Amino acid sequence: MKQISIDLETYSDVDLSASGVYRYAESPAFEILLFGYSVDGMEPKVIDLACGEDLPEDILKAIISEDVIKWAFNAAFERICLSFWLHRRHEGLIQTTYLNPSSWKCTMVWSGYAGYPMSLKMAGEALELEDRKMDEGKNLIRFFSVPCNPTKANGGRTRNLPEHAPEMWETFKAYNKRDVEVELAIQNALSYHPVPSTIWKEYWIDQEINDRGICVDEVLVEQAVEFDDRSREELTNEINTLTGLENPNSVQQLRGWLDKREVKTDSLDKKAVKELIQTTTDEDVKRVLTIRQNLAKSSVKKYLAMQNAVCNDGRVHGMFQFYGANRTGRWAGRYINLQNLPQNHMDDLADARELVRAGNYETVDMLYDSIPSVLSELIRTAFIPADGYHFIVSDFSAIEARVLSFLAGEGWRIQAFLEGKDIYCASASQMFHVPVEKHGINSELRQKGKIAELALGYGGSVGALSAMGALEMGLEKEELQPLVTSWRRANPKIVQFWWEVDRAVKKAVSDGETTKVGKVFIFSRNKNLMIRLPSGRDLTYIRPRIGMNRFGGEAVEYYGLDGQKKWTLIESYGPKFVENIVQAISRDILAYAMSSMRSYRICAHVHDELIIECPESVTVEEISDKMSQTPPWIDGLNLRADGYICEDGFYLKL
């Protein structure tokens with residue numbers, strides 16, 4: 001036996017979508033119902049564990065063997081479920097908490113790497129497979145895999161067992177077998193596009209980080225949830241009293257109330273409410289809109305997410321989805337989603353944290369204008385190191401700007417990074433031909449340099465500046481186009497790089513021609529567009545073609561997932577491909593840092609930042625120096641990582 005493909009059907013009283021597989025599988029109610037498998041691609045079989053069957057000895061040995069590759073679609077689920085199941089059903093068979101990920105491979109990751117959806121059903125459809133996931137699956141899972149409501153009709157039971165619906169159970173077994181068949185079909189369909197061994201090594205590191213998890217301060221989280229409930233009730237009562245509306249959350253009702261106060265607005269979205277608060281002179285209106293703003297803070301829901309996901313060891317596991325971002329392969333956040341945490345701006349953050357942790361609601365309410373805002377800023381501080389450790393946080397400085405400058409060969413930018421200059425000041429200086437210092441001469445221009453850097457690197461224009469908040473920061477509309485022009489004139493090699501990539505992509509799609517553009521190769525393979533990165537990793541664009549854009553010019557279209565997660569044709573062009581390339585290389589650099597720092601206790605990562613649980617003997621300098629090492633495959637790129645110790649014993653963003 002060389003490999004085994006596995007698919008499980010399970011039961012737990014824990015909500016998998018809210019809590020994640022670690023919390024789901026550690027529940028005493030958890031059990032594996034069906035074990036579908038195929039050995040070395042042979043006809044799949046189903047073992048009915050719920051009805052008393054057990055795994056054959058050779059299958060048990062294969063699961064724990066380091067020499068047998070285990071395949072599954074979203075293999076983390078099968079690996080963690082089997083880890084808990086083995087500890088309970090076959091005590092002593094494995095010595096570690098979780099099965100070692102190094103003999104596991106994931107068909108879902110393979111699908112994502114090849115440019116296809118990371119959903120078994122959608123992958124089967126996009127690949128136009130003959131065998132596809134059965135549509136009955138959702139109903140079967142709802143019936144057998146989750147608790148049911150007790151009713152007179154079902155005799156008051158809270159769970160459906162095989163004997164309650166024998167025919168449905170047989171269909172469930174067929175569904176389990178079909179999922180294995182679909183997984184095998186996906187592997188076969190993607191055999192022309194194997195995943196490099198380096199990617200599997202990164203996947204195993206990702207699984208180790210997910211297995212390790214990160215501690216949360218459960219006392220703080222519990223108090224924050226109680227604070228939020230109490231604050232929300234008080235704010236709701238106040239807005240009801242001020243407006244007299246039946247439902248102040250209704251946009252239509254609130255706009256009607258504002259009309260009566262002679263406040264006109266076409267929208268009540270976040271941006272519009274903020275503007276109205278700043279411009280209105282009616283104190284009641286200002287207060288009502290401020291309450292609406294506070295009630296709309298979704299970030300405090302992350303405390304509930306922590307409560308849902310925290311395991312018996314006080315840690316949250318499984319927060320990172322390997323290859324979660326379409327096309328670039330970047331990680332995506334799950335459950336709590338560290339990728340979009342609010343920043344810390346409070347000077348007395350530690351004091352506010354202690355007051356909340358102690359449950360001192362009245363004092364917090366007296367000292368601060370908004371309890372929801374305080375709770376929002378404290379979210380990061382809910383993550384704490386284990387006893388005897390502290391957090392060292394280290395992140396890459398301006399990683400995308402460095403990579404883009406290096407790829408394009410924009411000399412003045414490369415020199416600015418080598419000299420340790422502030423890129424926003426350097427950019428403003430290059431754009432306006434005057435010296436710019438952050439807290440010195442012409443410092444007012446730095447903000448223009450900053451917004452230009454953030455908005456214009458990937459072909460953005462006036463619309464990108466507006467979306468980035470240029471008008472809110474004080475720029476006038478008539479200043480935006482000149483700002484675009486100045487940035488592009490200051491960065492001619494980056495602009496040239498955009499259009500060299502654009503031409504190379506079109507040649508690959510129309511003529512199958514291979515072109516080297518700087519450090520990347522652009523070519524066609526198996527009717528797909530490929531971009532080979534310096535790391536050797538490929539970006540894949542499915543079934544591309546030359547189409548027409550809305551301006552009447554040529555554009556490349558390919559099949560992928562759009563913003564609504566629909567598999568459809570997506571239009572792209574040079575600067576957008578450059579954005580994919582830069583973000584993908586930045587991702588590869590982070591993966592290289594994770595690999596070189598594997599001996600450290602990396603417990604989380606946020607964009608280009610690593611959060612490491614360190615003993616006191618480990619220094620910031622040691623971590624930052626290690627993280628600053630340039631990968632050998634992109635020699636010459638100047639990297640810099642900056643770090644700090646979270647002195648107060650919790651995670652924060654400096």
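## Salt bridges across the chain

At 27% relative accessibility, E31 is classed as partly exposed (buried is under 20% relative accessible area, exposed is over 50%, and partly exposed is in between, using a 1.4 Å probe and protein chains only). This is a predicted model, where local features need pLDDT of at least 70, side-chain atom pairs count only at pLDDT 80 or more, and totals for chains, interfaces and linings use all residues. Residues are numbered from 1 along each chain as its sequence is written, and side-chain values use heavy atoms, leaving out hydrogens and water.

So who does E31 pair up with? E31 makes a salt bridge with R159, with the closest N and O atoms 2.8 Å apart (a salt bridge is a side-chain nitrogen of Lys or Arg within 4 Å of a carboxyl oxygen of Asp or Glu). This pair joins distant parts of the chain: E31 sits in strand β2 (residues 31-39) and R159 in the loop between α6 (137-144) and α7 (166-189), 128 residues apart. Helices (H or I, at least four residues) and strands (E, at least two) are DSSP runs, numbered from the N terminus. R159 is buried, at 18% relative accessibility.

## More bridges

The count of salt bridges comes to 38. Another one joins R545 and E557, whose closest N and O atoms are 2.9 Å apart. R545 is in strand β15 (residues 538-548) and E557 in strand β16 (residues 554-561), so the pair ties together parts 12 residues apart in sequence. R545 is partly exposed at 42%, while E557 is buried at 13%.

R587 and D588 also form a salt bridge, with closest N and O atoms 2.8 Å apart. R587 and D588 are both buried, and they belong to a network of salt bridges that also links E202 and R537.

## A tucked-in helix

Now for helix α3 (residues 75-89). With 12 of its 15 residues buried, α3 is largely enclosed by the rest of the structure. Among the buried ones are F77, W85 and L86. At 1.5 Å a residue (times one less than the number of residues), α3 should span 21 Å, and its end C-alpha atoms are 20 Å apart, which agrees.

Most residues other than glycine have a negative phi. E262, though, has a positive phi near 65 degrees; E262 lies in the loop between α10 (251-260) and α11 (270-279) and is exposed at 72%. H607 has a positive phi near 55 degrees, sits in the loop between β18 (601-606) and β19 (609-614), and is partly exposed at 48%.
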